[in-house]
Amino acid sequence: MRNLLRIAFVYSVKDKRLVALTRYMMDLCERAGCSVKPVEVENMTSPVNFRPFDLVLVGAQVVSAFGGHISQEVVNFLNSATGMEGKRSIAYVLPSFFGTDKALKRLMAHMERLGAFVVDFEAVRGEREAQNLIERHVKRG
């Protein structure tokens, strides 16, 4: 019997492109036989404990072109989350013309401050990059 990989996807619902790409990645994981939990940061009323998950993906949009800031909702959510210590995690952002690298670094820094072990990061432009990111970490059943 194969162990079921438990994956949490943390993302903001404010950017429709981010939502579409995240749902696409969740579908890929489910088709590979993984258990998937969507965590929409604006819809969470209590802190989430990530201890039960094997992998946590955190997606954010770049909200300021030159400063490379990420959505404040994601930052606030991460600050209240628990169970990220030693957790394998992946950071991803939707790229913008400027500030994408800074935004990715900021997102990873927030995750690492919680004790997460960021194993991968990517600026996901479309479905091909999203599929490549998932395939690097999820083996098909």
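Biologist: Which residues in helix 2 meet which residues in helix 3?

Modeller: This is a predicted model. In it, Val-74, Val-75 and Leu-78 of helix 2 meet Leu-107, His-110 and Met-111 of helix 3. By class, five residues of this contact are nonpolar, one is polar and none is charged.

Biologist: At what angle do helix 2 and helix 3 pack?

Modeller: The angle is about 15°, and the axes of helix 2 and helix 3 (residues 100-113) are 9 Å apart. Helix 2 is therefore roughly parallel to helix 3. The crossing of helix 2 past helix 3 is right-handed.

Biologist: Let us stay with Leu-78. Is Leu-78 buried or exposed?

Modeller: Leu-78, which lies in helix 2 (residues 72-80), has a relative accessibility of 1%, so it counts as buried.

Biologist: What is Leu-78 in contact with, leaving aside its neighbours within four places in sequence?

Modeller: With those neighbours set aside, Leu-78 is in contact with Val-58, Leu-107, His-110, Met-111 and Leu-114.

Biologist: Now Phe-77. Where does Phe-77 lie, and what does it touch beyond four places in sequence?

Modeller: Phe-77 also lies in helix 2. Not counting residues up to four places away in sequence, Phe-77 touches Val-10, Val-39, Val-41, Met-44, Val-48 and Phe-50. Phe-77 and Met-44 are 33 residues apart in sequence, with 8.3 Å between their C-alpha atoms.

Biologist: Why does Phe-77 count as buried?

Modeller: Its relative accessible area is 6%. The cut-off for buried is under 20%, so Phe-77 is buried.

Biologist: Changing topic, how do strand 1 and strand 2 run?

Modeller: Strand 1 and strand 2 (residues 35-40) run parallel and are joined by six bridges. In this pairing, Ala-8 stands opposite Lys-37 of strand 2.

Biologist: How many residues of strand 1 are buried?

Modeller: Five of the six residues in strand 1 (residues 6-11) are buried, and the strand is mostly covered.

Biologist: Back to helices. At what angle do the axes of helix 1 and helix 4 cross?

Modeller: The axes of helix 1 (residues 16-31) and helix 4 (residues 127-137) cross at roughly 40° and come within 10 Å. The two helices are therefore oblique to each other. Helix 1 passes helix 4 in a right-handed crossing.

Biologist: Which residues of helix 1 and helix 4 meet?

Modeller: From helix 1, Leu-21, Tyr-24, Met-25, Leu-28 and Cys-29 meet Glu-127, Ala-130, Gln-131, Leu-133 and Ile-134 of helix 4. Eight residues of this contact are nonpolar, one is polar and one is charged.

Biologist: How far apart in space are Met-25 and Gly-86?

Modeller: Met-25 and Gly-86 are 23 Å apart from C-alpha to C-alpha, and 61 residues apart in sequence.

Key:
Residues numbered from 1 in each chain as written. Predicted model: local features only at pLDDT ≥ 70, side-chain atom pairs only at ≥ 80, totals over all residues. Heavy atoms only, no water. Axes fitted to C-alpha atoms, helices over the stretch in contact; angles between N-to-C directions. Helix = DSSP H or I, 4+ residues; strand = E, 2+ residues; numbered from the N terminus. Parallel < 35°, antiparallel > 145°, perpendicular 65-115°, else oblique. Left-handed = near helix turned anticlockwise from the far one by under 90°. Contact = heavy atoms within 4.5 Å. Nonpolar A, V, L, I, M, F, W, Y, C, P; charged D, E, K, R; others polar. Buried < 20%, exposed > 50% of the residue type's maximum accessible area, 1.4 Å probe, protein only. Pairing = 2+ DSSP bridges.
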